[in-house]
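Hi,

Here is the structure I promised to pass on.

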Amino acid sequence: MDTMRDRFIATTSRLLDEDPRLALVLAEISKDGFQRAQERHPDRVINVGIREQLLIGTGGGMALTGMRPVMHTFASFLVERPFEQLKLDFGHQGAHGVLVSAGGSYDWPAGGFTHMSPGDVALMDTLDGWTVHVPGHPDEAEAVLREAAAGDGSVYVRLSAHTNASARPRPRSGFSVLREGSRGVVVAVGPMLDNVLAATEGLDVSVVYATTVRPFDGGTLRRAVATARPDVVLVEPYLAGTSTAAANDALAQVPHRVLGLGIGRRELRRYGTIEEHLAGQGLDPTALRARIDAFLG
């Protein structure tokens, strides 16, 4: 199976051929994959080098001319390093574009903490009006990329090397209810779905799948807790608790409890595999089962 990043390169290369409004701005990362696209569209595929603030500034300038810029690099360099440019060159200017990250929370553990970004979605939450997609499979990534490229709003697509075994049908909007139960509701975000399904096997809980996390689908969550005990566990592949405020707001009229599981603030300084990092963060099926059981009681 190809990776989400492979699918992004193939899909965006085709879209550049089809849509003259589309532009791609790179900062060295993935430039080899886009070499042929750059040869075909030298005026719309721009590599600014290792200058991430310029990456966002260039995209913002293109957006102000009516183009649809897609900006891409590792999440730590796309969201964290040039955050001021995102806030001003897009938000303050009223410009819109598509951010597509790679690297996730720890997709390349040997790269160290400089190449890890568990806090990216929480940081994007401080900006107004951004749609945030967290696909769990390359097929899902392609669907949201095509949707984002064809749209006009501000979109962040968070790609990861951590994937589920199979894609799920994309709902018209919001979350999908995959299982129904009475003890509580477990919301699995993007690539956390397979681990959540394994962890909750045999448990009398509802499982809700989310690939678009902003805007947060409070309606589906409210309907899920209406048929179950209003205890909600959020399992996210980034900073733990990122969506707890959104869940609490959605359930403001319902007495409830929310447990946010995800990446802890403590930095894990030993290199390893994605699976070892998941286990270290308590996000493997065995640890998730114990944490969910303890919370639900």
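Let's start with β1 and its partner β2 (residues 45–47): three bridges join the two, and they run parallel. (Strands here are DSSP E runs of at least two residues and helices are H or I runs of at least four, numbered from the N terminus; two strands pair if DSSP finds at least two bridges between them.) Across that pairing, L26 stands opposite N47 in β2. To get from β1 to β2 the chain passes through helix α2 (residues 35–40), and this β-α-β crossover is right-handed, meaning that the path from the first strand over the helix to the second runs clockwise with the strands pointing away from the viewer.

Before I go on, a word on the model: it is predicted, with local features needing pLDDT of at least 70 and side-chain atom pairs counting only at pLDDT 80 or more, while totals for chains, interfaces and linings use all residues. Residues are numbered from 1 along each chain as its sequence is written, and side-chain values use heavy atoms, with hydrogens and water left out.

Back to β1, which also pairs with β3 (residues 68–74) through five bridges, again running parallel. There, L24 sits opposite V70. Five of the five residues of β1 (22–26) are buried, so the strand is largely enclosed by the rest of the structure; buried means under 20% relative accessible area, exposed over 50% and partly exposed in between, with a 1.4 Å probe and protein chains only. L22, L24 and L26 point one way, A23 and V25 the other.

Next, a helix pair. α3 (residues 52–64) and α5 (residues 83–92) pack at about 10 degrees with their axes 9 Å apart (axes are lines fitted to C-alpha atoms, for helices over the stretch in contact, and angles run from 0 to 180 degrees between N-to-C directions). From α3, residues including I56 and A63 meet α5 residues, among them L86 and F90, where contact means heavy atoms within 4.5 Å.

Further along there's an open sheet of five strands, in the order β7-β9-β8-β11-β12, with mixed pairing. β7 (176–179) and β12 (257–263) are at the edges with a single partner strand each, so one side of each has no neighbour in the sheet. Three bridges tie β7 to β9 (residues 206–210), antiparallel this time, and R179 has V207 as its bridge partner. Helix α9 (residues 218–226) packs on the sheet, touching β7, β8, β9 and β11. Helix α12 (residues 285–296) lies across β8, β11 and β12, at about 165 degrees to β12.

Cheers
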